[in-house]
Amino acid sequence: MAAIESDVLDRITEIEKDSKVNLKVPVKLTDPHNLVIAAKNALSLRNEHTAHSLRNEGVLANAGPLSIRVSPKNVGRALRLFDAVIKVFLARGHQFTGSSVDLGGQKYEVSIREKLKKVEGSSFEKAPTDVLCLKIYGGYPLFEMYDSKSVLIEGKIARIIAKVELDVEYFKKIWARNAKQKEEEMAIEKMRLEYLAQQENELKNFKLLLNLAHRLSEAKLIRDYVQLTEDKAKQAGSISADLENWILWAREKADWYDPHIEKEVELLKDVDKVTLAFGVMNE
């Protein structure tokens, strides 16, 4: 989203009144920044890559740490312009590394390019136009400024810095809002998952309670059945040794199944009392 023009004008005024800022681009490179010195040295080497660029587009592209692509006659101007822009960014409290400026924790690439035009009669050759463009981007175009017939880029530095600062401030607000929204969504999702976990745990505990109640009831049912069988046998006067053994065995199983007793029975030690099935080791 482009900054509102009134805000841009206010920021331009602020920059122009900033005593630490020098918006003038000198006609001669004076006390250049180290990055500009390195770029100047690289552009003066005329290595193979540079020569190739000169043959094909008439521009120099080997600018060391800085992103510069201009025709030989505009090298001096591009270096002076880059030097002025770097120094203004630094005076405004921003960091500059390589060809990137750090604005609010986000790095943006700064480049100076010369606009090219197709050579008449050629489908692929291009020629420089003496029109420079200063571009700032960070994964997406943030801002670019061209020479115009009335004002060169040198006269637009305050506007460039103002626009870039305002755009970054805008994006930072968007990022902060999105981060807050994401944090809120994560908090809601966490609460939802915690609630689901509580629900599952509640159901698990109820099923356990129900199982214990069933086991107690069924243990009582077993005991009632065994007692009734014993009483009938006594009434008939026919309790055999086998029946007595069975009665002892059945009552032991009732005590094993009873959740209040849980008597140990060697042959049933690996049985799950919920499913009444042997565990994995005994499958």
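Predicted model: local features only at pLDDT ≥ 70, side-chain atom pairs only at ≥ 80, totals over all residues.

How many aromatic pairs does the count come to? I pair rings of Phe, Tyr and Trp (its six-membered ring) if their centres lie within 6.5 Å; planes under 30 degrees apart count as stacked, over 60 as edge-to-face and the rest as tilted. By this rule I get five aromatic pairs.

One of them is Tyr 170 with Phe 171, an edge-to-face pair with 5.5 Å centre to centre and 65° between the planes. Phe 171 also pairs with Trp 175: their ring centres are 6.1 Å apart and the planes at 20°, so I note this pair as stacked.

Residues are numbered from 1 along each chain as its sequence is written, and side-chain values use heavy atoms, with hydrogens and water left out.

Next I checked the cover (buried means under 20% relative accessible area, exposed over 50%, partly exposed in between, with a 1.4 Å probe and protein chains only). Phe 171 is buried at 18%, while Tyr 170 at 29% is partly exposed, and Trp 175 at 31% is partly exposed. For the chain, 33% of the 283 residues count as buried.

Last, the overall extent: I read about 130 × 45 × 40 Å for the C-alpha trace along its principal axes.
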